[in-house]
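Colleague: I'm new to this one, and I'd like a close look at a single spot before I get lost in the whole thing. Could you start there and work outwards?

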Amino acid sequence: MILFNSGDLVVYGAKGVCRVLEICKLPELSSDPERNFYKLEPMFVKGSVIYTPTDNENVVMRRVISKDTAMNLIDDIPNIDTIKINDNKMREAALHDSVSKCDCRELVKVIKTLYQRKKTREAVGKKQTSVDEKYLNMAENNLYSELSIPLKISRDKIEDFITDRIDSKSGEALAAEPAE
């Protein structure tokens with residue numbers, strides 16, 4: 001089990017990026033008065049505090065990815081597959097599973113899947129479903145919030161950064177192809 005220190009930035013389940021404020025004991029929250037808890041402050045929800053046991057195995061908690069990992073992820077987005085499930089209930093379960101993993105690649109998979117699905121539905125005059133909208137918002141919020149930390153880009157500018165980077169990389173690939 002990884003232990004975090006005060007000041008560390010972590011991803012805490014669906015709550016997203018949090019700062020570890022301190023490690024403390026909270027006998028009122030535990031039958032074991034010696035049990036340690038993290039006091040977490042969500043980075044993008046001001047005024048909120050989360051307490052979670054340091055030995056909590058029910059919620060994914062990991063360090064925020066590095067700048068190199070973030071850039072490699074962005075560069076690999078065109079190669080990340082989508083979720084290909086037609087049945088609504090099975091697709092919702094797969095979306096839930098992907099978001100719950102708190103893994104950036106899985107979040108990209110959800111975003112790509114739901115953008116494509118949204119375009120397909122709009123092309124035939126249908127709106128995005130509320131389930132799709134919910135999972136798209138969750139995936140975007142968690143991914144963009146996490147990427148904003150190592151890249152030092154505001155959360156609301158990450159999507160444009162990703163689009164520009166992918167467009168410039170695809171332009172480089174086209175320029176590198178030999179003329180026929």
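Colleague: Does Pro 150 count as buried or exposed, and at what relative accessibility?

Modeller: Pro 150 counts as buried, because its relative accessibility is 12% (buried means under 20% relative accessible area, exposed over 50%, partly exposed in between, with a 1.4 Å probe and protein chains only). Before going on: this is a predicted model, so local features need pLDDT of at least 70 and side-chain atom pairs count only at pLDDT 80 or more, while totals for chains, interfaces and linings use all residues. Residues are numbered from 1 along each chain as its sequence is written, and side-chain values use heavy atoms, leaving out hydrogens and water.

Pro 150 is part of helix α4 (helices, H or I of at least four residues, and strands, E of at least two, are DSSP runs numbered from the N terminus). Asp 68 comes within 8.5 Å of Pro 150, C-alpha to C-alpha, even though 82 residues separate the two in sequence.

Now step back to the whole chain. The protein chain has 5 helices and 5 strands, and along the sequence they run β-β-β-β-β-α-α-α-α-α. Its C-alpha atoms fill a box of roughly 70 × 40 × 30 Å along the principal axes. Pro 150 is buried, as are 38% of the 180 residues of the chain. For contrast, look at Leu 29, in the loop between β2 (16–25) and β3 (36–42): Leu 29 is exposed, with a relative accessible area of 52%.

The largest pocket has a volume of about 390 Å³ (on a 1 Å grid over the protein atoms alone, a pocket is an open set of points with protein on both sides within 12 Å along at least five of seven lines, a cavity is a set where a 1.4 Å probe fits but cannot get out, and lining residues have an atom within 4 Å of a point; points join across faces, edges and corners, and volume is the space filled by probe spheres set on them). The largest pocket is lined by 14 residues, and the closest to its centre are Ile 77, Ile 111, Lys 112, Tyr 115 and Ile 166. Two or more lining residues come from each of α3 (104–123), α4 (130–151) and α5 (158–176), and α3 gives the most, with 6 residues. Sorted by class, that lining has 8 nonpolar, 2 polar and 4 charged residues (Ala, Val, Leu, Ile, Met, Phe, Trp, Tyr, Cys and Pro are nonpolar; Asp, Glu, Lys and Arg are charged; the others, Gly among them, are polar).

In the second largest pocket, α4 has the largest share of the lining, at 4 residues. That pocket holds about 150 Å³ of space, and its lining includes Ala 14, Lys 15, Pro 42, Phe 44, Met 138 and Asn 142. Here β2 and α4 are the elements that give two or more residues. The lining comes to 7 nonpolar, 4 polar and 1 charged residues.

Asn 142 shows up again at the cavity. The structure holds 1 cavity of 30 Å³ or more, and the largest cavity has about 40 Å³ of space. Val 11, Val 99, Cys 102, Leu 107, Asn 142 and Glu 146 line it, making 4 nonpolar, 1 polar and 1 charged residues.

Last, the charged pairs. The whole structure has 10 salt bridges (a side-chain nitrogen of Lys or Arg within 4 Å of a carboxyl oxygen of Asp or Glu). Arg 165 and Asp 75 make one of them, at 2.6 Å from N to O. That pair links distant parts of the chain, with Arg 165 in helix α5 and Asp 75 in helix α1 (residues 67–76), 90 residues apart. Both ends are partly exposed, Arg 165 at 23% relative accessibility and Asp 75 at 28%.

Another salt bridge joins Arg 105 to Asp 76, with the closest N and O atoms 2.8 Å apart. Arg 105 sits in helix α3 and Asp 76 in helix α1, so this pair ties together parts that are 29 residues apart in sequence. Arg 105 has a relative accessible area of 39%, so it is partly exposed.

Lys 39 belongs to strand β3 and Glu 22 to strand β2, 17 residues apart. Glu 22 is partly exposed, at 33% relative accessible area.
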